[in-house]
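Thank you for making the time this morning.

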Amino acid sequence: MSINATLLGQAISFTLFVWFCMKFVWPPLINAIEERQKKIADGLADAGRAAKDLELAQAKATEQLKEAKATANEIIEQANKRKAQIVEEAKAEADAERAKIIAQGQAEIESERNRVKDDLRKQVATLAVVGAEKILERSIDPEAHSDIVDKLVAEI
């Protein structure tokens, strides 16, 4: 009985141990394993969603970058057009100012020319009178000197 009783005692102890483990130890371990599996599955699902979100965000960022570049190019084009417009306006103003200055200069030249002509006429008239006086002092022949007097008057 000693070997059989020992074996029977061990079998009963083993059975009680297995029953105790299955009743009190195994369910919390299974629950912990199942919770861990669920957390891992949720983490993998979240990682998949995050990867999709990342792809969407990258696509959106790429699209926004394209739009920003297009907007920047449009702004640059408008700035270049405005620059050309400002340059043309400045050229037109400069041309107008140049024309105004030229017109003023020509008016001044014409005025000075007229003044000089008047001065010359006065001098010629004075010379004509002086010349006539000298001619008259020498001779009083109007017919002889009429061509000189006529020439002087025509030049005046």
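I will take the annotated segment, then the aromatic side chains, then the charged ones.

Please bear in mind that this is a predicted model, in which local features need pLDDT of at least 70 and side-chain atom pairs count only at pLDDT 80 or more, while totals for chains, interfaces and linings use all residues. Residues are numbered from 1 along each chain as its sequence is written, and side-chain values use heavy atoms, with hydrogens and water left out.

The unreviewed UniProt entry annotates residues 6–26 as "transmembrane region"; the positions are in the numbering used here, the feature name is shortened, and such annotations may be inferred rather than shown by experiment. In the model that stretch is 100% helix and 0% strand, with its end C-alpha atoms 27 Å apart, where helices are DSSP runs of H or I of at least four residues, strands are runs of E of at least two, and both are numbered from the N terminus.

Turning to the rings, the structure holds 2 aromatic pairs. Here rings of Phe, Tyr and Trp (its six-membered ring) pair if their centres lie within 6.5 Å, and planes under 30 degrees apart count as stacked, over 60 as edge-to-face and the rest as tilted. Trp-19 and Phe-24 are edge-to-face, because their planes stand at 90 degrees, with the centres 6.3 Å apart. Phe-20 and Phe-24, by contrast, form a tilted pair, at 5.2 Å centre to centre and 45 degrees between the planes, and both lie in helix α1 (residues 2–138), 4 residues apart, about one turn of the helix. Together, Trp-19, Phe-20 and Phe-24 form one aromatic cluster.

How accessible is Trp-19? Trp-19 is exposed, at 51% relative accessible area, whereas Phe-24 is partly exposed at 48% and Phe-20 is partly exposed at 41%; buried means under 20%, exposed over 50%, and partly exposed in between, using a 1.4 Å probe and protein chains only.

Finally, the charged residues: the structure holds 6 salt bridges, each being a side-chain nitrogen of Lys or Arg within 4 Å of a carboxyl oxygen of Asp or Glu. One of them joins Asp-46 and Arg-49, at 2.0 Å from N to O, and these two are 3 residues apart in helix α1, about one helical turn.
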